[in-house]
Amino acid sequence: MVMAKALDANSVKNGLELIILIDRSSSIDPKDFKLGIDFIKFLLAEFGVRNGNNTTGTRAAVLTFGNNVDIVFNLDDKTIIGPQAASRALDNIQPNGGGTAMQQAIMSVFTFLPPLRQKAKKALFMITDGEPNIGEEEDTLFFADELKNKEDYEIFTVGIGKGINRQLLSKLASEPLISHVFILENYAQLRSMMDVINDKSNRRKKFQTIFLKLPMKTVQMNVSSL
């Protein structure tokens with residue numbers, strides 16, 4: 001799966017720290033929230049998550065945000081011994097209402113995580129359906145820039161629905177935007193994205209293409225067949 005040049009087979013070989021932030025605010029329908037959880041499960045299965053003190057492979061942390069930020073599981077959680085264990089942990093969370101504390105979610109990457117492996121790549125996915133209404137946009141962008149420029153994170157944003165702040169999600173994400181910003185009309189398109197990425201019948205094709213709309217232009221997201 002090619003979402004960006006840095007996230008490839010070598011990322012897993014050398015170590016990948018995968019941080020996923022998912023919006024669980026009141027505007028999300030429970031069925032749509034489950035699709036978001038299914039997408040996270042898909043990502044963790046693709047990268048072969050195994051948490052703990054391992055020096056190689058993928059470790060993952062999943063955090064939810066509404067009014068506050070909660071940890072589902074962290075990078076050093078040794079009970080996450082594989083994708084199935086991660087899936088069981090994800091099945092326990094539900095949307096809990098409230099606002100969209102995006103600034104606090106970004107800040108939690110600095111404060112909630114254990115020490116990271118020095119040679120591992122770092123990737124952050126944010127999945128949201130709404131514009132932040134808790135915290136300041138300027139501060140949200142500041143902390144995202146700190147993650148990208150000083151902490152060497154690669155940031156991907158997945159915006160879903162009509163209520164999102166597209167410009168903000170574009171500013172939060174890493175460059176190039178073509179492979180880091182995904183704008184979907186609804187949560188059901190997450191399932192379509194997974195189906196395309198996981199389409200074994202297209203092994204002979206180098207790339208599948210999904211067209212996603214961003215402000216003033218159409219962005220083409222390239223996804224390689226597996």
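In which strand does lysine 122 lie? The points below begin with that residue.

1. Lysine 122 lies in strand β4, residues 121-128; strands are DSSP runs of E of at least two residues and helices are runs of H or I of at least four, both numbered from the N terminus. The model is a predicted one, in which local features need pLDDT of at least 70 and side-chain atom pairs count only at pLDDT 80 or more, while totals for chains, interfaces and linings use all residues. Residues are numbered from 1 along each chain as its sequence is written, and side-chain values use heavy atoms, with hydrogens and water left out.

2. Lysine 122 is buried because its relative accessible area is 17% (buried is under 20%, exposed over 50%, partly exposed in between, with a 1.4 Å probe and protein chains only). Apart from neighbours within four places in sequence, lysine 122 has contacts with Leu16, Glu17, Leu116, Glu151, Asp152, Tyr153 and Glu154, where contact means heavy atoms within 4.5 Å. Threonine 58 is 64 residues from lysine 122 along the chain, and their C-alpha atoms are separated by 9.9 Å.

3. Aspartate 152, one of the contacts of lysine 122, is located in the loop between α5 and β5 (153-160). Aspartate 152 is not a glycine, yet its phi is positive, at about 65°. With a relative accessible area of 58%, aspartate 152 is exposed.

4. A further backbone feature is the cis peptide bond between glutamate 175 and proline 176, with omega of about -5°. Proline 176 belongs to the loop between α6 (166-172) and β6 (181-184).

5. Helices α4 (residues 102-111) and α5 (residues 137-149) pack at an angle of about 25°, their axes being 9 Å apart. The angle therefore makes α4 roughly parallel to α5 (under 35 degrees is roughly parallel, over 145 roughly antiparallel, 65 to 115 roughly perpendicular, and the rest oblique). Axes are lines fitted to C-alpha atoms, for helices over the stretch in contact, and angles run from 0 to 180 degrees between N-to-C directions. On the α4 side the contact involves Met102, Gln103, Ile106, Met107, Val109 and Phe110, which meet Asp139, Thr140, Phe143, Ala144, Glu146 and Leu147 of α5. By class, these are eight nonpolar, two polar and two charged residues (Ala, Val, Leu, Ile, Met, Phe, Trp, Tyr, Cys and Pro are nonpolar; Asp, Glu, Lys and Arg are charged; the others, Gly among them, are polar).

6. Glutamine 104 is also found in α4 and is partly exposed, its relative accessible area being 31%. Not counting residues up to four places away in sequence, glutamine 104 touches Asn67, Asn68 and Val69. Its C-alpha is 7.9 Å from that of threonine 140, at a sequence separation of 36 residues.

7. Helices α2 (residues 30-47) and α3 (residues 83-90) pack at about 165°, with their axes 9 Å apart; α2 is therefore roughly antiparallel to α3. Ile37, Ile40, Lys41, Leu44 and Ala45 of α2 meet Pro83, Ala86, Ser87 and Leu90 of α3. The contact comprises seven nonpolar, one polar and one charged residues.

8. For the protein as a whole, the secondary structure comes to seven helices and eight strands. Of its 226 residues, 54% are buried. Among contacts between residues at least 6 apart in sequence, 74% join residues at least 24 apart.
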